[in-house]
Amino acid sequence: MTQTDTASRDGIVAIVERHGADRTSLIPILQDIKRTRRGIDSQAMQIVADLLDIHPVEVYSVASFYAFLHGAPEGAYVVRLCGTLSCDFAGKDAVADALRDELGIDFDETTDDHLFTLEWASCVGMCDQGPALLVNDRVYTRVTPEMAREIVAAHRAAGAPDGAQEIVTKGNELTYGAIPAGAGLKAALAMPRGDIVDTVSASSLKGRGGAGFPTGMKWNFCAAEKSDQKYIICNADEGEPGTFKDRVILREFPDLVFEGMTIGGRAIGAGMGIVYLRAEYAYLRHHLNEVIRRRREAGLLGKNVGGVEGFDFDIVVANGAGAYVCGEETALIESLEGFRGEPRNRPPFPAVAGFLNHPTVVNNVETLASVACVFAKGVDWFKGFGTDKSTGYKLFSVSGDCEKPGVYEFPWGITVADLLKEVGGTGAKAVQIGGASGVCVPARDFERRLAFEDIPTGGSVMVIGPDRDMLDVAENFLEFFVEESCGQCTPCRLGNAQLLEGVELLKKGDCTPEHLADLKGLGATMQVASKCGLGQTSPSAFLTIVDGFADDVTTRPQSV
Ligand SMILES: Cc1cc2nc3c(=O)[nH]c(=O)nc-3n(C[C@H](O)[C@H](O)[C@H](O)COP(=O)(O)O)c2cc1C
Ligand code: SF4
């Protein structure tokens, strides 16, 4: 073994030991190796495997699953340009050309001096400020081709310009801003434990992550499990294209999220909370850890939280590694355990057997912040907003063809038309609700309501202007799903690729009515036969576009 080999082995050993040589730490170990060695080669995988006492194939299979861990050696700066629809609308192709030209490489290539690698990102969560790109952990927004050249030049000169921004449209008007810090936790800790879950149930709060599962019911299931180890996980994966409200909550109101987690911990009997933060939001990690540290100092985390004897609860932040499917709660848990983010069969549900097989509640960032508000202001106050079946208010991530993209708060039940008036999006041809996995609503249906009883949503609203080609929209989403399917089950793995081929045929005018009917049948099959929500929802945009915009879709001149 050469001296260099020995030094690099020692470096890897030090990383593994720093993470406690534990199998569940495989992803942070690989993240550190990637950061320090700019790649994860077979020698590094073998050393990690030996130290964790697992087969090297296991290490390879995890490293190859995550976009931020791929094994190929990278440049010192990895430039990731966001490919999502709103960045597309905002001119990402011109930025891509400028990057190619300035760097002298194409996407998925590294410069000869190993300074830059250029990659596409599925969505970096800056849909209100596109085109957006990441350089390592740093985010740049509203990037023009000229800016892209400047960003590259500045990194070349090893001094990055300050391009990170955080814009919260109407941020000051969000209800969260008016909730006194600590009030919710104080009220909850003053109650008997059982009353906490009852209060959440009485508020009729439904999960804000998209599926709308009643939060009180989920907490009840977990509270009823007999186990001395339980967990509450904050799902901060926010990978759905067009969704960025959790980013704003984490940045502006992290105390409310941590209060919600602590209240949940008390209610279900958990001692540990974990925030699963998407890799694209790594720049928020330091901020979150600082807030956690402050809360520990204030006695709001740690031993005897809030002065309640015997209530020990703490929170850690874990980083994702670039996989949209890890937002699905069981894939998230697999990822936290150090495996590929492949969804599990359910049942058992996480509330019964979740992280490390212990009862676990997984809640969305906004759900947890809403819990803190329910306790701070009371159930009646919360139920004073929204509709009977969709109580409270909701944050919406608005992007695309509108004058004022950003994060907005509205009570559930607002019509699409009223929302468009507020954001300067009247005249839109369509609105994609719920992100790439959501539904495309044509203008004739703009009187429909955003609510669980009409159009349920995790909050993404992508405005599609009158001149857009609806097949471009479907194509963008299907490319995303082809990239992000975990490949575990056939309907999703092959179905998305076939729908994408179908869209390409439609664009060329080469799709026969019979083939289109087959594609619709395929979409319907995927909705019922896929293993997890990704495959079950990925055909929705395609199906609603071909049905809602039949004239746009089937009247293309045939290719010759
Ligand atoms: C492919 C896929 C991605 C998901 N991504 C997220 C996400 O980024 N954030 C989130 O809160 N929920 C996401 N979910 C939903 C979660 O599985 C889960 O329902 C949610 O975290 C529960 O929290 P809630 O009840 O508070 O909404 C996703 C689901 C699927 C199928
Ligand atoms: S539906 Fe797609 S993402 Fe979900 S398990 Fe199957 S292949 Fe994986």
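In the predicted model, a hairpin of 5 linking residues connects β10 to β11 (strands, E, of at least two residues, and helices, H or I, of at least four, are DSSP runs numbered from the N terminus). Residues are numbered from 1 along each chain as its sequence is written, chains are lettered from A and ligands numbered from 1 in the order in which they are written, and side-chain values use heavy atoms, with hydrogens and water left out. Local features of this predicted model need pLDDT of at least 70 and side-chain atom pairs count only at pLDDT 80 or more, whereas totals for chains, interfaces and linings use all residues.

Strand β10 (residues 393–400) pairs with β11 (residues 406–411) in the antiparallel sense over 6 bridges; pairing requires at least two DSSP bridges between two strands. Tyrosine 393 lies opposite proline 411 of β11. β10 also runs parallel to β14 (residues 460–464), to which 4 bridges join it, and serine 399 has methionine 462 of β14 as its bridge partner. Of the 8 residues in β10, 7 are buried (buried, under 20% relative accessible area; exposed, over 50%; partly exposed in between; 1.4 Å probe, protein chains only).

Around ligand 1 there are 18 residues, of which Gly209, Glu238, Asn363, Asn364 and Thr367 come nearest; a residue is near a molecule or strand if one of its heavy atoms lies within 4 Å of it. The shell comprises 3 nonpolar, 9 polar and 6 charged residues (Ala, Val, Leu, Ile, Met, Phe, Trp, Tyr, Cys and Pro count as nonpolar, Asp, Glu, Lys and Arg as charged, and the others, Gly among them, as polar). In the side chain of threonine 367, an N or O atom is 2.7 Å from an oxygen atom of ligand 1. Backbone N or O atoms also approach the ligand: that of arginine 208 lies 3.3 Å from a ligand oxygen atom, and that of glycine 327 lies 3.2 Å from a ligand nitrogen atom. The protein covers 88% of the 610 Å² of accessible area that ligand 1 has on its own (Shrake-Rupley method, 1.4 Å probe). The elements giving two or more residues to the shell are β9 (360–364) and α21 (533–537), and β9 supplies the largest share, 3 residues.

A search of the whole structure finds 0 disulfides, a disulfide being a pair of cysteine sulfur atoms within 2.5 Å. For cysteine 234, the nearest cysteine sulfur, that of cysteine 373, is 14 Å away. Cysteine 234 counts as buried because its relative accessibility is 0%. Cysteine 532 is likewise buried, with a relative accessible area of 12%.

Definitions and conventions: Polar contact = N/O pair within 3.5 Å; in protein donor to acceptor, adjacent residues only side chain to side chain.
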